[in-house]
Amino acid sequence: MMNNVIEARGLTKRYKSTVAVDNIDLHIPSGRIVGLIGPNGAGKTSALKAILGLATYDGELSVLGKNPSKDRAALMEDVCFIADVAVLPRWIRVWQLIELTESIHPKFSREKCMEYLASTKITLDNRVKQLSKGMVVQLHLAIVMAIDVKLLVLDEPTLGLDILFRKQFYTNLLNDYFDEERTIIITTHQVEEIEHILSDLIFIQDGRIALDCSMENVQESYVELIVPPDNAVAARELKPLYERELFGRHIFLYENANRQQLKELGELHTPSVADLFVATMNGGAA
Amino acid sequence: MNRLMALLKREYWENKGAFRTTPLVIGGIYIVLLLMFLITFNHFDNEFQSLKELARWISQIDASLRGEIIYVGSITFFPGLFNIALSFVVFFYLLGSLYDDRKDRSILFWKSLPASDTLTLVSKLLSAMVVAPVIFWAIYVLTSIVIMLVTSVVVLAIGENPWTLFLGVGNPFKAWSMLLLSYLAQSIWALPLYGWLMLVSSFAPRIPLLFAILPPVVVAVLQIWIEFLQTFTLKKNLFGVIGEWFANSPFISINGDGNDRPIASLGIPLTDTFDHEATVANIFDRLFSTHMLIGLAVAAVFLGTALWLRRRATES
């Protein structure tokens with residue numbers, strides 16, 4: 001149990017009239033990169049806020065063995081997060097931000113931070129308010145990546161960044177940052193950009209967990225079948241989770257299906273996370 | 001300790017304009033005014049004739065009286081602009097202290113650092129109580145030194161001795177320490193107000209100034225009205241309590257002694273709860289009074305609530 005970075009039982013977050021997170025259980029071991037995927041308003045941010053000690057909650061929750069609502073400050077020595085929009089103080093200069101993080105965060109490495117900044121156009125004397133939105137995100141990422149924490153939470157980290165930097169960022173994250181000791185949780189709407197780096201997948205819908213499995217499991221359990229229109233009826237009889245049409249061909253998504261049987265009807269593919277997501281959200285529980 | 005220092009530095013960086021530039025500008029104004037005064041004299045006067053007469057007239061005043069006037073002047077009249085500016089700076093700093101980062105959402109960044117909400121609150125309170133007053137004080141002292149130097153040079157130039165004229169008769173160090181003590185004592189005395197401002201700052205959804213002023217005004221007006229309905233008299237209300245509190249504060253102000261002589265007094269002598277003569281003993285008398293104890297209790301309630309709200313500031 002102590003191996004799990006995040007351990008939640010019956011985690012619930014209620015706002016006045018709505019339930020944002022509805023009695024969920026989570027067990028996230030270390031050394032994983034977890035994609036937390038859900039439509040807007042599904043409860044992703046509420047769940048993350050509870051995990052980061054930014055909001056109260058009901059139920060049991062332990063992050064790195066600590067209670068986030070009581071020990072936020074202590075927890076933040078081993079946890080780092082980027083919230084969904086660039087939230088760096090606008091008045092601060094880059095060198096001040098670095099000096100401040102250095103003296104408050106015991107695990108911050110100035111050299112690493114400068115290394116990441118060197119690949120950007122940001123200079124130390126810039127004020128945050130002089131930077132473009134994308135540069136602010138770059139700065140924030142440079143700081144966060146230079147902190148040696150056990151859990152990194154990225155809530156829409158690349159919003160407003162161009163595709164070159166996004167690719168670069170995820171490559172850096174995987175090559176330089178990630179290791180067995182660390183856990184990364186990412187939420188994003190651009191699923192296709194992160195699916196190749198994820199080790200686990202959690203779908204969240206209406207405050208509940210709709211899917212929680214490893215990427216290997218996804219590849220084992222789910223299969224996509226592409227059939228010509230003539231075979232559509234036969235394919236439909238095999239109880240697909242979801243069906244869609246593309247250029248006149250029918251695409252079906254199956255869970256734990258007999259692959260031999262499916263092969264006779266058409267081409268088999270591993271579904272993309274995005275397709276699996278759409279299927280799960282529209283087709284009910286997985 | 002390291003973290004607290006870092007957080008204090010952050011407050012200073014963010015408020016450099018208010019904490020440092022404001023007193024520097026005031027000091028600059030003082031020096032410019034002095035220079036303008038000297039140039040004016042030089043312009044209309046043949047070789048500083050009237051300035052020489054002024055110096056001679058001053059030198060005829062009794063040395064101890066001269067010293068007293070210089071002392072009173074350097075803790076009341078001369079720091080006047082600094083005092084007023086400092087009050088405004090601290091007031092608006094505290095009003096924004098727990099509001100600004102909620103408004104621009106940078107609170108999410110601050111909360112991602114391993115610094116507790118308590119430490120954050122302490123750093124902001126200390127900035128208002130110690131950092132800002134000490135900077136204002138230091139720049140006032142610096143301004144005084146520049147003014148003394150310039151004046152000494154001028155006095156020397158007109159053939160008088162600056163030491164016997166004013167340098168030797170006043171005791172600037174006594175005046176400066178008294179002023180600093182009064183600033184710091186005032187920070188403690190004003191804690192109920194500071195606590196209130198931080199509380200407002202931590203809950204106001206917008207326009208903290210409105211939320212800071214409106215509730216006390218409503219309460220006081222209701223009190224006055226109810227008193228008036230019941231007894232046809234106007235007795236003590238919240239305005240009176242607040243007014244009396246600050247009239248009793250250890251802040252040095254200028255007052256007449258009844259014989260047309262200006263004296264330095266602590267606060268404004270409206271009541272005789274405390275001795276208003278500006279002495280170190282009277283300052284400590286205030287700080288170790290029952291009044292102060294009650295004030296600290298009120299401040300603790302305000303600050304405790306502000307902290308409670310700060311912990312929940314990222315809820316929605």
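The structure is a predicted model, where local features need pLDDT of at least 70 and side-chain atom pairs count only at pLDDT 80 or more, while totals for chains, interfaces and linings use all residues. Residues are numbered from 1 along each chain as its sequence is written, and chains are lettered from A and ligands numbered from 1 in the order in which they are written.

Let's start with the chain contact. Chain A puts 25 residues into it and chain B puts in 22 residues; two residues count as in contact if their C-beta atoms, placed from the backbone, lie within 7 Å. On the chain A side, α2 (72–75), β5 (79–82) and α3 (94–104) each give two or more residues. Here helices (H or I, at least four residues) and strands (E, at least two) are DSSP runs, numbered from the N terminus. The top contributor is α3(A), with five residues. Sorted by class, this side of chain A has 17 nonpolar, five polar and three charged residues. Nonpolar covers Ala, Val, Leu, Ile, Met, Phe, Trp, Tyr, Cys and Pro, charged covers Asp, Glu, Lys and Arg, and the others, Gly among them, are polar.

Next come the domains. Chain A splits into domain 1 (4–206) and domain 2 (217–283), with bounds from an automatic or database domain assignment. Their C-alpha centres sit 34 Å apart. Where the two meet, eight residues of domain 1 of chain A touch seven residues of domain 2 of chain A. On the domain 1 side, α7 (191–194) and β8 (200–205) of chain A each supply at least two residues, and β8(A) has the largest share, three residues. That side is made up of five nonpolar, one polar and two charged residues.

Finally, there is a sheet in chain A. Its three strands run in the order β2-β1-β4, making an open, antiparallel sheet; strands pair if DSSP finds at least two bridges between them. The edges are β2 (19–29) and β4 (58–63) of chain A, each with a single partner strand, so one side of each has no neighbour in the sheet. On average, neighbouring strands are turned by 15 degrees against each other, direction ignored. Strand β1 (residues 4–14) of chain A pairs with β2(A) over seven bridges, and R14(A) has V19(A) of β2(A) as its bridge partner. Helix α1 (residues 44–51) of chain A packs on this sheet and touches β1, β2 and β4 of chain A, its direction making about 120 degrees with that of β1(A). Axes are lines fitted to C-alpha atoms, for helices over the stretch in contact, and angles run from 0 to 180 degrees between N-to-C directions.
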